[in-house]
Amino acid sequence: MSLSNVVVVGASVAGLRAVETLRREGFGGNITLVSAEPHAPYDRPPLSKQILTGEIRPEQLLYRDISWFAEQRVELLLGTPASGLDINRSQVRIGEQWMQYDGLVIATGARAQQLEMGRSLAEIYTLRTIDDALAIKEKILPGIRVVIIGAGFIGSEVASSAAASGAQVTILESGKHAMSRAVGARLGHALGQLHGEFGVNLVCNARVAGFGGDDRVESVRLEDGWELPADIVVIGIGVLPNTEWLADSGLKLGDGLLCDETLNAGPDAVYAAGDVMAWPNEWWGGVMRGEQWLVAAEQGMHAAKNLLTGRAQARPFSTIPYFWTDQYGCRIQVAGRTDLGELVPLVGEETERPFLCAFRHDDRITGIFAINAPRAFAMLRSTLQQHRHFDTAIESVSKHLAAAE
Ligand SMILES: Cc1cc2nc3c(=O)[nH]c(=O)nc-3n(C[C@H](O)[C@H](O)[C@H](O)COP(=O)(O)OP(=O)(O)OC[C@H]3O[C@@H](n4cnc5c(N)ncnc54)[C@H](O)[C@@H]3O)c2cc1C
């Protein structure tokens with residue numbers, strides 16, 4: 001099928017990579033990039049890091065100068081969320097208008113999960129957009145009391161940035177350890193200690209019962225009756241995929257938009273990419289929804305290629321999930337599965353820096369984790385691709401491991 005009119009909904013890393021790929025692969029037809037946000041596409045990971053600490057300015061986050069869109073003949077619609085999809089008529093609803101497409105990429109990402117309680121109080125924030133980040137940055141001044149709910153990677157990064165700005169920071173985590181959803185209990189425990197080293201108070205097994213204050217938050221109450229004074233609260237308890245606009249579309253929805261292994265969402269010319277969607281990832285061995293920048297970027301490119309190739313030739317997308325997080329000057333990197341098998345330290349111990357470990361399952365290497373060991377991590381990451389035998393994989397990078405010590 002030849003395409004002349006592609007609509008990409010969602011203008012963040014997945015959507016933009018799809019657009020770039022369409023042009024790079026020679027697609028000469030119309031491209032419309034539809035964005036709910038009023039800003040041109042920008043990079044999200046620095047929001048909780050260098051934007052909060054003031055190391056970079058918001059305009060440095062832009063992936064592309066606004067003139068690039070005109071040069072590439074991409075119609076960029078800002079501040080115009082899609083509100084419906086009719087797959088029978090191949091139309092996307094934007095405001096009151098229906099827009100025709102013959103190829104569609106859905107890349108509407110995810111949003112921060114909120115807490116129902118405390119909704120009417122000022123100074124309670126979540127962090128997903130540049131506007132969220134700038135609002136939080138304005139508040140985290142020396143001495144102010146910041147309470148963060150959730151010690152996942154967003155909560156931990158906000159804690160690190162707020163502490164660097166001189167704020168008094170407490171993290172309330174309902175689980176037993178920081179970051180344990182992403183890296184498991186043992187590494188989560190070690191990362192929890194990092195907070196303590198930098199003066200951040202991490203309280204685990206803490207269940208929030210409510211907030212004190214009339215117009216603005218003044219405290220956070222826990223189920224055990226403890227009440228913690230707070231000038232601002234940042235909630236980092238996970239994300240929800242933005243699929244509501246697809247509710248009546250007939251596409252399959254679960255934890256995200258459910259796609260096949262080629263990232264196809266059902267109709268021949270409808271693909272999806274990024275945090276909004278779930279797909280059977282062969283390398284992973286099951287259906288997953290990524291919440292990682294690199295996975296979203298790769299999927300955007302892959303979805304665009306498959307859209308151009310046509311359904312019959314569409315290739316499966318299989319990837320090794322990878323993410324990084326920066327906390328207290330440490331670069332923490334994770335690839336593959338840390339939820340399977342035995343943790344084998346390779347460089348240092350988990351309370352030391354640098355630290356590198358790998359996960360062994362059925363004598364295969366399944367995952368790796370590093371703190372401040374980027375070169376050795378990169379070498380070892382390449383061995384995950386082939387599900388290499390554990391000892392062979394480690395042997396193949398042994399000289400880099402020695403250099404990392
Ligand atoms: C503060 C922060 C720090 C992060 N740090 C890291 C990190 O260190 N490492 C890492 O690997 N990952 C990190 N991530 C995660 C990474 O940024 C995401 O995985 C990535 O942004 C997902 O890209 P996406 O294009 O799928 O969706 P998103 O970035 O969520 O973008 C989706 C876009 O679609 C828009 N949209 C939603 N609904 C509609 C609609 N109906 N119509 C039109 N547009 C719509 C949204 O407004 C948004 O602009 C971080 C995320 C955040 C928020």
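Which helices and which strand each supply at least two residues of the shell around the ligand? They are helix H1 (13-24), helix H5 (153-164), helix H7 (293-309) and strand E23 (322-327). Helices (H or I, at least four residues) and strands (E, at least two) are DSSP runs, numbered from the N terminus. The model is predicted: local features need pLDDT of at least 70, side-chain atom pairs count only at pLDDT 80 or more, and totals for chains, interfaces and linings use all residues. Residues are numbered from 1 along each chain as its sequence is written, and side-chain values use heavy atoms, with hydrogens and water left out.

The chain is divided into domain 1 (5-37 + 78-111 + 240-313), domain 2 (114-235) and domain 3 (329-404); these bounds come from an automatic or database domain assignment. Between the C-alpha centres of domain 1 and domain 3 the separation is 33 Å. An unreviewed UniProt entry carries the annotation "domain: FAD/NAD(P)-binding" for residues 5-300; such annotations may be inferred rather than shown by experiment. That span is 24% helix and 29% strand, and its end C-alpha atoms lie 17 Å apart.

The shell around the ligand comprises 35 residues, and the closest are Ser 12, Glu 37, Arg 44, Lys 49 and Arg 128; a residue counts as near if one of its heavy atoms lies within 4 Å. Domain 1 and domain 2 each contribute at least three residues to this shell. Helix H5 gives the largest share, three residues. By class, 19 residues of the shell are nonpolar, nine are polar and seven are charged; Ala, Val, Leu, Ile, Met, Phe, Trp, Tyr, Cys and Pro count as nonpolar, Asp, Glu, Lys and Arg as charged, and the others, Gly among them, as polar.

A polar side-chain atom of Arg 128 is 2.7 Å from an oxygen atom of the ligand. Backbone atoms also take part: a polar one of Ala 36 lies 3.1 Å from a ligand nitrogen atom, and a polar one of Trp 293 lies 3.1 Å from a ligand oxygen atom. Of the 1,000 Å² of accessible area that the ligand has on its own, the protein covers 95%, by the Shrake-Rupley method with a 1.4 Å probe.

An open sheet of four strands has the order E18-E19-E21-E22, with mixed pairing; two strands pair if DSSP finds at least two bridges between them. Strand E18 (253-254) and strand E22 (286-289) are the edges, each pairing on one side only. Strand E21 (residues 277-281) runs antiparallel to E22 and is joined to it by four bridges. Ala 278 has Arg 289 in E22 as its bridge partner.

How values were computed
Polar contact = N/O pair within 3.5 Å; in protein donor to acceptor, adjacent residues only side chain to side chain.
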